[in-house]
Amino acid sequence: MRGVALWSLVLLAGCSSEPPPAPAPTERPPPTPRPTPSPRALKPGELPTPELDGATPLAGRWRYQASATGSAALYESNGAAAFTIRCDPQARRIVFAHPGQGRTIRLYVADAAATFPTQVVDGAAEAAVTTGQTFLDALARADAIGFAIDDDPVAQLPGDKAIGTVVRGCRPGLR
């Protein structure tokens, strides 16, 4: 009997209420990020612009308008101005406008990007920038322009010579 009791103690000693320790995790190096190639061919000096590559094209067309108070390039969609680039010659500034509300206008072109604070004027989010902004040169020669209000999705507009005409006309002596 003594042998059975001793044998029982040995068996009970092998049992434990604690689970066995988990195996140590193996260290795996983090995956190396791979750049996603742009679906369009880049020209010399252009940067990848995922904002433009994934942007929804906005149907419409540019129209140039000159008046005694300055010139403007208006992108008209569905019979209304969806985006405006106008010159305020007295203040020597370019004004970007989009109908609606917002705190910022974000603009993207193939070789530059900029974010400008806005204020709401007559129901449109407007951002005014001085004519010395180097971004305006990139905007004037852009083949495509992306714009967004705050964190909204980016809409894509085609570039147009009317934009360059407004920018150059707003820079007296620098045409």
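Buried means under 20% relative accessible area, exposed over 50%, and partly exposed in between. The structure in these close-ups is a predicted model.

**View 1. Arginine 171 and aspartate 137 form a salt bridge.** Aspartate 137 has a relative accessible area of 34%, so this residue is partly exposed. Arginine 171 is buried, at 12%. Their side chains meet at 2.5 Å, N to O. Aspartate 137 belongs to helix α3, whereas arginine 171 sits in the segment after α4; the pair therefore ties together parts 34 residues apart in sequence.

**View 2. Arginine 141 and aspartate 111 form a salt bridge.** The closest N and O atoms are 3.0 Å apart. Arginine 141 lies in helix α3 (residues 135-141), and aspartate 111 in the loop between β6 (104-109) and β7 (112-117). The pair thus ties together parts that are 30 residues apart in sequence. Arginine 141 counts as exposed, with 52% relative accessibility. Aspartate 111 is partly exposed, at 30%.

**View 3. Arginine 93 and aspartate 88 form a salt bridge.** Here the closest N and O atoms lie 3.2 Å apart. Aspartate 88 is buried, with a relative accessible area of 16%. Arginine 93 is partly exposed, at 32% relative accessibility. The count of salt bridges in the model comes to six.

**View 4. Six strands make an open sheet.** The strand order is β2-β3-β4-β5-β9-β8, and the pairing is antiparallel. At the edges are β2 and β8 (119-121), each pairing on one side only. From one strand to the next, the twist averages 25°. Helix α4 (residues 161-169) lies across β2, β3, β4 and β5. The helix runs at about 155° to β3.

**View 5. Strand β8 pairs with strand β9.** Three bridges join β8 to β9 (residues 124-130) in the antiparallel sense. Glutamine 119 has glutamate 126, in β9, as its bridge partner.

**View 6. Tryptophan 62 and tyrosine 75 form an aromatic pair.** The count of aromatic pairs in the model is five. In this one, the ring centres are 5.2 Å apart. The planes stand at 70°, so the pair is edge-to-face; the cut-off is over 60 degrees. Tryptophan 62 lies in strand β2 (residues 61-67) and tyrosine 75 in strand β3 (residues 70-77). The pair therefore ties together parts that are 13 residues apart in sequence. Tryptophan 62 and tyrosine 75 are both buried.

**View 7. Phenylalanine 83 and phenylalanine 96 form a stacked aromatic pair.** Centre to centre, the rings are 6.3 Å apart. The angle between the planes is 25°. Phenylalanine 83 lies in strand β4 (residues 80-88) and phenylalanine 96 in strand β5 (residues 93-99). The pair links distant parts of the chain, 13 residues apart. Phenylalanine 83 counts as buried, at 1% relative accessibility. Phenylalanine 96 is also buried, with a relative accessible area of 0%.

**View 8. Ring pairs join five phenylalanines into a cluster.** The members are Phe83, Phe96, Phe116, Phe135 and Phe147.

Key:
Residues are numbered from 1 along each chain as its sequence is written. This is a predicted model: local features need pLDDT of at least 70, side-chain atom pairs count only at pLDDT 80 or more; totals for chains, interfaces and linings use all residues. Side-chain values use heavy atoms; hydrogens and water are left out. Rings of Phe, Tyr and Trp (its six-membered ring) pair if their centres lie within 6.5 Å; planes under 30 degrees apart count as stacked, over 60 as edge-to-face and the rest as tilted. Helices (H or I, at least four residues) and strands (E, at least two) are DSSP runs, numbered from the N terminus. Buried means under 20% relative accessible area, exposed over 50%, partly exposed in between (1.4 Å probe, protein chains only). Two strands pair if DSSP finds at least two bridges between them. Axes are lines fitted to C-alpha atoms, for helices over the stretch in contact, and angles run from 0 to 180 degrees between N-to-C directions. Contact means heavy atoms within 4.5 Å. A salt bridge is a side-chain nitrogen of Lys or Arg within 4 Å of a carboxyl oxygen of Asp or Glu.
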